[in-house]
Amino acid sequence: MQSNSQASVIISTYNQPEWLALVLYSYSIQTENNFEIIIADDGSDERTKAVIDKCSSETELKITHVWHEDNGFQKTKILNKAIVASHSDYLIFTDGDCIARQDFVETHLRLRRPNCALSGGYFKLVASISNAITKTIISTQKCFDKDWLIAEGQPKSFKFNKLTKSKSKANILNKITPTKATFDGMNVSCFKSDILAVNGFDERMQYGGEDREVGERMMNNGVKFIQVRYSTICVHLHHERPYKNEEARALNEQIRKETKQKKVTYTSFGIKKE
């Protein structure tokens with residue numbers, strides 16, 4: 001099936017239905033609406049399906065729900081399935097706890113370049129503000145407004161620059177930031193052909209750097225990563241991370257070390273199984 005969609009937005013999620021409902025709402029009010037959404041669901045229960053069904057019926061969003069049974073942290077596997085299920089030649093990856101500013105999709109599409117990937121960031125909300133976010137606050141875009149956030153209790157910091165509305169300021173900050181452009185799964189985009197060329201995510205990888213590794217293979221394969229952290233704006237809802245574990249992190253570090261040292265461009269543990 002071919003799609004006329006300009007982009008496929010791949011949203012990873014796992015049992016955060018309340019957050020996902022808000023995130024999907026943020027995509028229903030985008031300035032660019034010619035895109036599809038692929039939910040990469042790592043085994044959520046029925047509550048997530050209910051949120052997706054409700055959103056599909058109440059909005060114009062084109063949503064495909066890609067799901068597999070819960071068998072521990074298998075985000076890389078479900079992301080590969082989501083890539084295969086996508087119909088557009090341009091993919092935007094994000095997470096089900098990242099609310100997108102209204103120009104998020106439009107900006108990713110405007111800044112895309114052949115043989116390049118766009119590396120965005122996020123602005124982290126404190127728990128109290130995360131819990132206060134509603135659809136009304138998203139529709140008025142208050143959650144991207146520095147003054148509103150400070151008034152609600154978000155600590156002042158340089159990171160408020162990540163919410164700039166000025167394109168010229170964003171361009172300058174993107175150029176001078178010391179943060180390297182990498183594949184960060186909460187806000188990154190690339191051509192589908194470029195991620196297929198390296199065989200997608202390495203399915204051996206657990207939590208911790210699993211997205212960075214696919215980006216490192218793409219870089220080894222000649223894809224240039226461009227810094228857009230001050231242009232493609234999303235805010236990250238606060239949550240704990242119970243799935244961190246040292247054994248998985250050590251395995252991931254070993255795989256990434258090999259990718260870097262051997263200039264690996266293709267994994268045998270990706271979309272196509274050798």
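Leaving aside its neighbours within four places in sequence, Asp211 is in contact (heavy atoms within 4.5 Å) with Phe183, Asp184, Gly185 and Phe201. The model is a predicted one, in which local features need pLDDT of at least 70 and side-chain atom pairs count only at pLDDT 80 or more, while totals for chains, interfaces and linings use all residues. Residues are numbered from 1 along each chain as its sequence is written, and side-chain values use heavy atoms, with hydrogens and water left out.

Asp211 belongs to helix 10, residues 210–220, where helices (H or I, at least four residues) and strands (E, at least two) are DSSP runs numbered from the N terminus. With a relative accessible area of 14%, Asp211 is buried, a term that stands for under 20% relative accessible area, against over 50% for exposed and partly exposed in between, using a 1.4 Å probe and protein chains only. A polar atom of the Asp211 side chain lies 2.7 Å from the backbone nitrogen of Gly185. Asp211 and Ile11, although 200 residues apart in sequence, are 13 Å apart in space, C-alpha to C-alpha.

Strand 8, residues 187–191, is mostly covered, five of its five residues being buried. In a regular strand the side chains alternate between the two faces of the sheet. Here both faces of strand 8 are covered, with Asn187, Ser189 and Phe191 buried on one side and Val188 and Cys190 buried on the other. Strand 8 pairs (two strands pair if DSSP finds at least two bridges between them) in the antiparallel sense with strand 4, residues 90–95, over five bridges, and Val188 is the bridge partner of Phe93. Strand 6, residues 116–119, also pairs with strand 8 in the antiparallel sense, over three bridges, and there Leu118 has Ser189 as its bridge partner.

An open sheet of three strands has the order 5-10-7, with mixed pairing. Strand 5 (98–100) and strand 7 (123–124) stand at its edges, each with a single partner strand, so one side of each is left without a neighbour in the sheet. Strand 7 and strand 10, residues 234–236, run parallel and are joined by two bridges, with Val235 as the bridge partner of Phe123.

The cysteines remain to be considered. A disulfide is counted for a pair of cysteine sulfur atoms within 2.5 Å, and by this rule the count comes to zero. The closest cysteine sulfur to that of Cys98 is in Cys234, at 4.4 Å, which is too far for a bond; Cys98 is buried, with a relative accessible area of 0%. For Cys143 the closest cysteine sulfur is in Cys234, at 11 Å, again too far for a bond, and Cys143 counts as buried at 0% relative accessibility.

Key: A polar contact is a pair of N or O atoms within 3.5 Å; within protein, one must be able to donate a hydrogen and the other to accept it, and residues adjacent in sequence count only if both atoms are side-chain atoms.
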